[in-house]
Amino acid sequence: MSIEYKYYPTKKSTIITAPFSGGQPKGGVDLGPEYILNAGFQKQIESLGWQTTIANPLAELDLEAKKSNIKDTFHVKNSAIVSQCCKQIFDACSQSLKAQAMPVVIGGDHSIGTATVAAALSHNPDTCIVWVDAHADINTPLTTDSGNLHGCPLSFVMGLDSESYPPEFSWVPQLLKSNKLVYIGLRDVDEGEKRILKENNIAAFSMYHIDKYGIGKVVEMALDKVNPNRDCPVHLSYDVDAIDPSFVPATGTRVEGGLSLREGLFVAEEIAQTGLLQSLDIVETNPMLAETEEHVLDTVSAACAIGRCALGQTLL
């Protein structure tokens, strides 16, 4: 059964690589895009009827060499290189959206979410953000304990605690409204983030809700919260650690008790079924954290499968 993509009648997409690890301390997540492409991701997408091009906006930047794990005066790490990476990704996503080609961003760590969400909302302010993740990634420089910016991407686009931002982030358009963001799969949320979610009345469905209602009902409820009339574009930001580490072991912040692989793929399938997908990120595949070659294969395969399901692969 073929899915009509409202915003891409000609089925064009740009695979945007984001080989960046500066949002967190572990090396290797910058290799995610290379492994995903080497697994045949581009051909898999093309087999679903999409015309694809590949953009490498970070190709000329040696950001990894500048990585440091020391907090700056703003209580965060690597703000200059995270901002620089995000600006390049933002520009690449914006160009793709203007050309009516779906940006499919493969990372890299989730700090790039600042760029992808900002680009989606700059293109269409009605875009709703579906964030599939074990973590809320909405810390601000005032609430983060670790200082790792992969835990902060959403706060910058919302303008939370904006007086605390490093000046490098002044370019980020603060366009995300709390009623346009919904989470699926949370199970490791910091105390400061819990407070932010409550104070801003942000819709969040944790693993508790998935256990209680089932994944089908949760995706329906999530879309009802941010896209009740099913008439707004969707940006799907997908961290592979939303899926239980027994299925995706090669990722940086593993938390037991996550989505099964089928539940994880169902989320992408169901977003695809709406026909409203406008842009997609798949992040946090880290081949260097695998204990075996099989772990690498499992995680890379899951990342590719998420992309295929979001772009229209169905079981029948």
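Reply: Leu261, Leu265, Ala268, Glu269 and Ala272 of helix 9 are in contact with Ala302, Ala305, Ile306, Cys309 and Ala310 of helix 10. By class, these residues are nine nonpolar, no polar and one charged. Ala, Val, Leu, Ile, Met, Phe, Trp, Tyr, Cys and Pro count as nonpolar, Asp, Glu, Lys and Arg as charged, and the others, Gly among them, as polar. Contact means heavy atoms within 4.5 Å.

The model is predicted: local features need pLDDT of at least 70, side-chain atom pairs count only at pLDDT 80 or more, and totals for chains, interfaces and linings use all residues. Residues are numbered from 1 along each chain as its sequence is written, and side-chain values use heavy atoms, with hydrogens and water left out. Helices are DSSP runs (H or I, at least four residues), as are strands (E, at least two), numbered from the N terminus.

The axes of helix 9 and helix 10 (residues 293-310) come within 7 Å and cross at roughly 25°. Helix 9 and helix 10 are therefore roughly parallel. Angles under 35 degrees count as roughly parallel, over 145 as roughly antiparallel, 65 to 115 as roughly perpendicular and the rest as oblique. Axes are lines fitted to C-alpha atoms, for helices over the stretch in contact, with angles running from 0 to 180 degrees between N-to-C directions. The crossing of helix 9 and helix 10 is right-handed, a term for a near helix turned clockwise from the far one by less than a right angle, anticlockwise being left-handed.

Helix 9 (residues 261-274) also meets helix 8 (residues 215-226): their axes come within 10 Å and cross at roughly 45°. That angle makes helix 8 oblique to helix 9. Helix 8 passes helix 9 in a right-handed crossing. On the helix 8 side the contact is made by Ile215, Gly216, Val219 and Leu223, and on the helix 9 side by Glu263, Phe266, Val267, Glu270, Ile271 and Thr274. This contact of helix 8 with helix 9 has six nonpolar, two polar and two charged residues.

Helix 3 (residues 79-98) and helix 4 (residues 113-123) have axes that come within 8 Å and cross at roughly 35°. Their crossing is right-handed. Residues in this contact include Cys86, Ile89 and Phe90 of helix 3 and Ala115, Ala118 and His123 of helix 4. By class, the contact of helix 3 with helix 4 has nine nonpolar, five polar and one charged residues.
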